[in-house]
Amino acid sequence: MSVETMTASDVMTRTLVTVEPEESPLMAWEFMWRAGVHHLPVVDACFRLVGVLGREDVAAHWSGGPAEQSRTAVRTLLQGRRCPRVAPDAPLPEVAALMADADCCAVPVLGPDDVLRGLVTTTDVLMALAGRTARPAGDPTYVKGGLFRLEPVPSAPRP
């Protein structure tokens with residue numbers, strides 16, 4: 001298959017770590033760090049897209065310490081930002097052009113029901129150009145959300 005005939009669904013990442021809109025930037029940063037990803041789709045309880053949070057978004061917002069970052073919701077980091085999106089059948093050259101025009105490194109792929117199906121990143125586009133795409137086994141429409149949940153550990157009482 002040539003790059004010119006590939007679509008978003010041919011190259012998109014389907015196994016995603018996601019974050020909810022009310023989660024804190026501190027937790028989002030921890031998810032990114034532990035999962036080794038640079039982007040987190042922000043989705044509501046019905047897996048509808050709110051936006052895409054990048055490491056740069058969290059870093060640019062970072063001020064104060066962890067306590068301050070725990071009191072903010074990632075939803076506030078996305079306010080006023082445009083989030084381009086594509087359909088699964090969008091041609092890869094058009095997806096790449098959209099990414100370049102919007103100056104973004106990740107584009108969510110939404111199905112006809114406006115539910116998140118995957119994410120096309122610059123790495124996915126480069127892998128396609130290098131001929132190194134691999135379709136995951138199983139249902140091609142399945143998107144797996146966050147694989148783990150971090151819970152705070154209570155601090156020990158002070159003497």
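First, a term: buried means under 20% relative accessible area, exposed over 50%, and partly exposed in between, with a 1.4 Å probe and protein chains only. Helices are DSSP runs of H or I, at least four residues, and strands are runs of E, at least two, numbered from the N terminus.

This is a predicted model, where local features need pLDDT of at least 70, side-chain atom pairs count only at pLDDT 80 or more, and totals for chains, interfaces and linings use all residues. Residues are numbered from 1 along each chain as its sequence is written, and side-chain values use heavy atoms, with hydrogens and water left out.

Confidence next. pLDDT is the predictor's confidence in each residue, from 0 to 100. The protein averages 80, and 75% of the residues score at least 70.

Now helix α7, residues 122–129. Asp124, Val125 and Ala128 are buried there. They sit on the same side of α7, because they cover an arc of only 100° around the axis, taken from the directions from the helix axis to the C-beta atoms. Leu126 and Leu129, on the other side, are exposed. After α7 comes glycine 131, with a positive phi near 75°.

On to salt bridges: a side-chain nitrogen of Lys or Arg within 4 Å of a carboxyl oxygen of Asp or Glu. The whole structure has four. One of them joins arginine 34 to glutamate 30, closest N and O atoms 2.5 Å apart. These two are four residues apart in helix α2, so about one helical turn separates them. Arginine 117 and aspartate 113 also pair, at 2.7 Å, N to O.
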